[in-house]
Amino acid sequence: MTDTARPAIRLMPKADARSIRWGAPWVYADNLVTDRRTRALAPGTIAVLQDAERQDMALVAVNPASKIMARIIDRDPAAVVDKAWFARRFARALDLRSRLYAEPFYRLIHAEADGLPGVVVDRFGDTAVIQPNAAWAEAHLDLMVEALVEVTGIANVLKNASGRARSLEGLDDESKVLRGTLAEGPVAVKMNGATYMADLAGGQKTGLFYDQRDNQAFVQRLARGTRMLDVFSHVGGFGLAGLAGGAAHVTCVDASAAALELAQQGAEAMGQGAAAFATRQGDAFDVMTALEDEGLHFDLVVCDPPAFAPSKPALEAGLRAYEKVARSGAKLVAPEGGYLALCSCSHAATLEKFRNACLRGVGRAGRQVQLIHTGEAGPDHPLHPQLAESGYLKAIVFRVLPL
């Protein structure tokens, strides 16, 4: 039975205890007995999860204010969550990344899939940016950082408190340096032969999206000698990879002037000037319309928009937006043919639904295509087999046939 020092929470008889025993990482509030004692637990409390017969099942982090009321943090109900516990999680994650990448630039912790629910850690050399997006992680942040530094040897740790997930957990939005110092200016990150400038303090999320690395490498193989358009480019994710792959000219489009400035700095760090690289700032749909009106076409078009369908209620509107992106992108592919890469980071849009929306858009543009690549996030963003949300990223690449 449970350690009396820890509170216990119990599944309702109707709940599917088997799915939890088989690895499901979340327990929703409507599957738990939420009596007055349970509702009074402080967000982030570590408790023992019991089945309806009061048999201990796992150690969980509880937040009575969240729909995801319990996150499983250890299958051993008697586990002790101390610095050594965190160190084991970090060491296990580091072993995988050090096998995958020669340089220390990657996602080190991908939340539930790495055994730290709600926690994201991106590594930038000797600096780590941590997003503790769950109440339990915030409560154990000092221990977590101590273990992170001990295992990796990094000098600097920055807490990024932006994003919707923290607000859903009732957490603040105060970002700060937790250990060491923050370098002045952006950090140069080399991937796929390109140089990216990551703003760790003021950029989106942790400053750079590592998840597209493998998809960018595929697109890079198509880029040689092309006129390339990278829409929703952020700091030049696909565009700079294409430039490194020998694209004749790359145009990056984004709504953020600051992101485009970083993309420009990345191109300059690669020794590429105005003859090979340009940016256009503005609403992506407006810019694509303007490019079409100007009669411009490209051999390779990439569209990597934000999450248009972040939740199930937003799915239908999101799919229409993806269809619109595909239509606009396909219209900008040269009449002689070329390539069109389309991406989605919406976990609510399955690969099939996303692909079908893209095909509708391509068809509305009057183009015929061959599907030549389907990708997902890189292996430093492992998929939790029983958590569909961890498989959020989809990338599809079409060869667009001549008109």
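## Salt bridges in the model

A salt bridge is a side-chain nitrogen of Lys or Arg within 4 Å of a carboxyl oxygen of Asp or Glu. The structure discussed here is a predicted model, and a search through the whole of it finds 19 salt bridges. Side chains of opposite charge can pair when their charged atoms come close.

Lysine 83 has a relative accessible area of 29%. Buried means under 20% and exposed means over 50%, with partly exposed in between, so lysine 83 is partly exposed.

## Arginine 107 and aspartate 122

Arginine 107 and aspartate 122 also form a salt bridge, with 2.7 Å between the closest N and O atoms. This pair links two strands, with arginine 107 in strand S6 (residues 105–110) and aspartate 122 in strand S7 (residues 119–124), 15 residues apart. Both arginine 107 and aspartate 122 are buried.

## Aspartate 380 and arginine 213

In the salt bridge between aspartate 380 and arginine 213, the closest N and O atoms are 3.6 Å apart. Aspartate 380 lies in the loop between strand S18 (369–375) and strand S19 (394–400), while arginine 213 is in helix H7 (residues 213–222); the pair links distant parts of the chain, 167 residues apart.

Aspartate 380 has a relative accessibility of 0% and therefore counts as buried. Arginine 213 is buried as well, because its relative accessible area is 9%, and the limit for buried is under 20%.

Where does aspartate 299 lie? Its place is the loop between helix H10 (284–293) and strand S16 (300–303). Aspartate 299 has a relative accessible area of 17%, so this residue is buried.

The side chain of aspartate 299 makes a polar contact, at 2.7 Å, with the side chain of arginine 227. Leaving aside neighbours within four places in sequence, the residues in contact with aspartate 299 are Gly225, Thr226, Arg227, Ala334, Gly338 and Tyr339.

Definitions and conventions: Residues are numbered from 1 along each chain as its sequence is written. This is a predicted model: local features need pLDDT of at least 70, side-chain atom pairs count only at pLDDT 80 or more; totals for chains, interfaces and linings use all residues. Side-chain values use heavy atoms; hydrogens and water are left out. Helices (H or I, at least four residues) and strands (E, at least two) are DSSP runs, numbered from the N terminus. Buried means under 20% relative accessible area, exposed over 50%, partly exposed in between (1.4 Å probe, protein chains only). A polar contact is a pair of N or O atoms within 3.5 Å; within protein, one must be able to donate a hydrogen and the other to accept it, and residues adjacent in sequence count only if both atoms are side-chain atoms. Contact means heavy atoms within 4.5 Å.
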